[in-house]
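Let's take a walk through this structure together, one stop at a time. Have the sequence and the 3D view handy.

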Amino acid sequence: MNKKVLFITQSAMIAAVYIVLTYFISAFNLASGSIQIRISEALTVLPYFTPAAIPGLAIGCFLSNILIGSLVPDIIFGSLATLIGAVGTYLLRNHKFMLTLPPVIANMLIVPFVLKYAYGVPPVIFKGVDLTIPFLMATVGIGEVISCCILGTMLVRALGKYRGQMFGVIASKPVTKAQAVNKNL
């Protein structure tokens with residue numbers, strides 16, 4: 001199969017799955033807001049398998065945010081957070097235990113400001129100090145940990161066995177000593 005066609009097909013399929021999962025979880029009012037567990041964010045581990053996941057996730061998030069009625073700043077900056085997380089995951093693909101951190105961090109740093117300034121989330125004041133942003137960082141972070149770290153890790157484990165079939169990647173087999181010796185002759 002042509003590599004460009006495979007890349008576009010994988011991107012489109014990942015975007016479609018992201019949209020379906022976001023639309024599904026929005027029925028439970030968990031796709032946006034102060035408390036969100038956007039299960040589609042588990043897909044941000046897919047750049048571990050294929051770089052085609054990066055545009056797929058960004059486009060999927062962008063279209064999802066439009067479909068669920070997000071405000072323009074959320075459509076833009078929420079999609080940017082997912083894009084940054086996906087790129088970070090791709091860059092950390094050789095460090096499997098850190099794959100899920102970039103989307104969690106990107107969303108924790110960006111989404112709280114969208115919630116406060118675009119949606120006007122009520123302030124969280126404690127002893128006269130505005131803790132709205134730290135509070136939203138915590139709530140968004142918890143949702144991202146559930147989606148990315150827990151569900152994403154489960155997804156990496158489940159898909160790992162089928163990496164070659166699903167993503168067109170040939171899994172390398174360990175080389176025996178005899179094969180290594182023969183190769184050097």
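Which helix does Ile76 lie in? Ile76 is found in helix α3, which covers residues 72-91. Before going on, keep in mind that this is a predicted model. Now look at the surface around Ile76: together with Val72, Phe77, Leu80, Leu83, Ile84, Val87 and Leu91, Ile76 forms a nonpolar patch there. Taken together, the residues of this patch have about 670 Å² of accessible area. Ile76 counts as partly exposed because its relative accessibility is 45%.

Let's step back to the whole chain. You can find seven helices and two strands in it. Starting at the N terminus, the elements come in the order α-α-α-α-β-β-α-α-α. The C-alpha trace spans about 75 × 35 × 25 Å along its principal axes. The chain has 185 residues, and 38% of them count as buried.

Next, go to helix α5, residues 132-160. This helix has 29 residues, and from its first C-alpha to its last it reaches 39 Å. That is close to the 42 Å you'd expect at 1.5 Å a residue. Follow α5 along to Gly152 and you'll come to a bend of about 35 degrees. Thr139 also has its place in α5.

Now for the cysteines. How many disulfides does a search of the whole structure find? The search turns up zero. Take Cys61: the closest cysteine sulfur to its own is in Cys148, and because that is 11 Å away, the two are too far apart for a bond. A disulfide would need the sulfur atoms within 2.5 Å. Cys148 is in no disulfide either, as its nearest cysteine sulfur belongs to Cys149 and is 6.3 Å away. Cys61 counts as buried because its relative accessibility is 2%, and Cys148 counts as buried too, at 0%.

What about charged pairs? The structure holds one salt bridge. The partners are Lys116 and Asp130, whose closest N and O atoms are 3.1 Å apart. Lys116 lies in helix α4 (residues 101-117) and Asp130 in strand β2 (residues 129-130), so the pair ties together parts that are 14 residues apart in sequence. Asp130 counts as partly exposed, with 37% relative accessibility.

Let's finish in the loops, with a look at backbone angles. Asn29 sits in the loop between α1 (3-26) and α2 (53-67). Although Asn29 is not a glycine, its phi is positive, at about 60 degrees. Asn29 is exposed, because its relative accessible area is 60%. Over in the loop between β1 (125-126) and β2 you'll find Lys127. Lys127 is a residue other than glycine with a positive phi, near 50 degrees. With a relative accessibility of 75%, Lys127 counts as exposed.

Definitions and conventions:
Residues are numbered from 1 along each chain as its sequence is written. This is a predicted model: local features need pLDDT of at least 70, side-chain atom pairs count only at pLDDT 80 or more; totals for chains, interfaces and linings use all residues. Side-chain values use heavy atoms; hydrogens and water are left out. Buried means under 20% relative accessible area, exposed over 50%, partly exposed in between (1.4 Å probe, protein chains only). Helices (H or I, at least four residues) and strands (E, at least two) are DSSP runs, numbered from the N terminus. The expected span of a helix is 1.5 Å times one less than its number of residues. The bend at a residue is the angle between axes fitted to the seven residues ending there and the seven starting there. Patches are made of residues with over 30% relative accessible area and no salt bridge: like charges are joined within 9 Å, nonpolar side chains (Val, Leu, Ile, Met, Phe, Trp, Tyr) within 5 Å. Accessible areas come from the Shrake-Rupley method with a 1.4 Å probe; for residues, only the protein chains shown count as cover. A salt bridge is a side-chain nitrogen of Lys or Arg within 4 Å of a carboxyl oxygen of Asp or Glu.
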